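The entries follow the order in which I went through it.

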Amino acid sequence: MKKRILSFITLLAGSAMLFAEDAAAASAASAGAMKYLAAAIAVGLACIAGGMAVGKIGAAAMGAMSENPELSGKALPFVGLAEGICLWGMLVGVLILFK
């Protein structure tokens with residue numbers, strides 16, 4: 001599985017250089033492709049991590065609220081904090097693209 005992912009990333013990064021006309025165009029195209037790849041990785045990993053965090057925190061919060069309903073005001077903000085991880089990943093992706 002790791003070999004397949006690594007070869008896909010290598011193919012993606014190297015494909016811009018295959019169709020370039022000269023070395024300067026190849027360098028610029030490769031830098032552009034790497035920029036998009038870096039933004040996609042930043043957003044993807046942040047959203048995966050945020051989803052895992054929301055799943056665990058949400059399950060714990062619902063379990064705590066089922067035993068004591070007064071904890072809803074204290075438990076639910078933690079779910080929002082975990083969702084903030086996704087927003088930070090998107091912000092980093094935007095900053096990478098527009099740099």
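Is Gly89 buried or exposed? I found that Gly89 is buried, with a relative accessible area of 7%, where buried means under 20% relative accessible area, exposed over 50% and partly exposed in between, with a 1.4 Å probe and protein chains only.

Before going further I noted that this is a predicted model, in which local features need pLDDT of at least 70 and side-chain atom pairs count only at pLDDT 80 or more, while totals for chains, interfaces and linings use all residues. I also noted that residues are numbered from 1 along each chain as its sequence is written, and that side-chain values use heavy atoms, with hydrogens and water left out.

Next I looked up the confidence, pLDDT, which is the predictor's confidence in each residue, from 0 to 100. The mean for the protein is 81, and 75% of its residues reach 70 or more.

I then listed the elements, taken as DSSP runs numbered from the N terminus (helices are H or I with at least four residues, strands are E with at least two). There are three helices and zero strands, so described by that definition of DSSP runs.

Returning to Gly89, I placed this residue in helix 3. Helix 3 covers residues 72-97, 26 residues in all, and reaches 39 Å from its first C-alpha to its last, close to the 38 Å expected at 1.5 Å a residue; the expected span is 1.5 Å times one less than the number of residues. Its buried residues are Ala75, Val79, Ala82, Gly84, Gly89 and Gly93.

Which residues does Gly89 contact, leaving aside its neighbours within four places in sequence? I found Ala42, Val43 and Ala46, with contact meaning heavy atoms within 4.5 Å. Val43 and Gly89 lie 46 residues apart in sequence, yet their C-alpha atoms are 4.7 Å apart in space.

For the outside, I turned to Ile48, which is found in helix 2 (residues 23-67) and is exposed, with a relative accessible area of 53%.

Last, I took the protein as a whole: of its 99 residues, 16% count as buried. Residues 24 or more positions apart account for 63% of the contacts with a separation of 6 or more.
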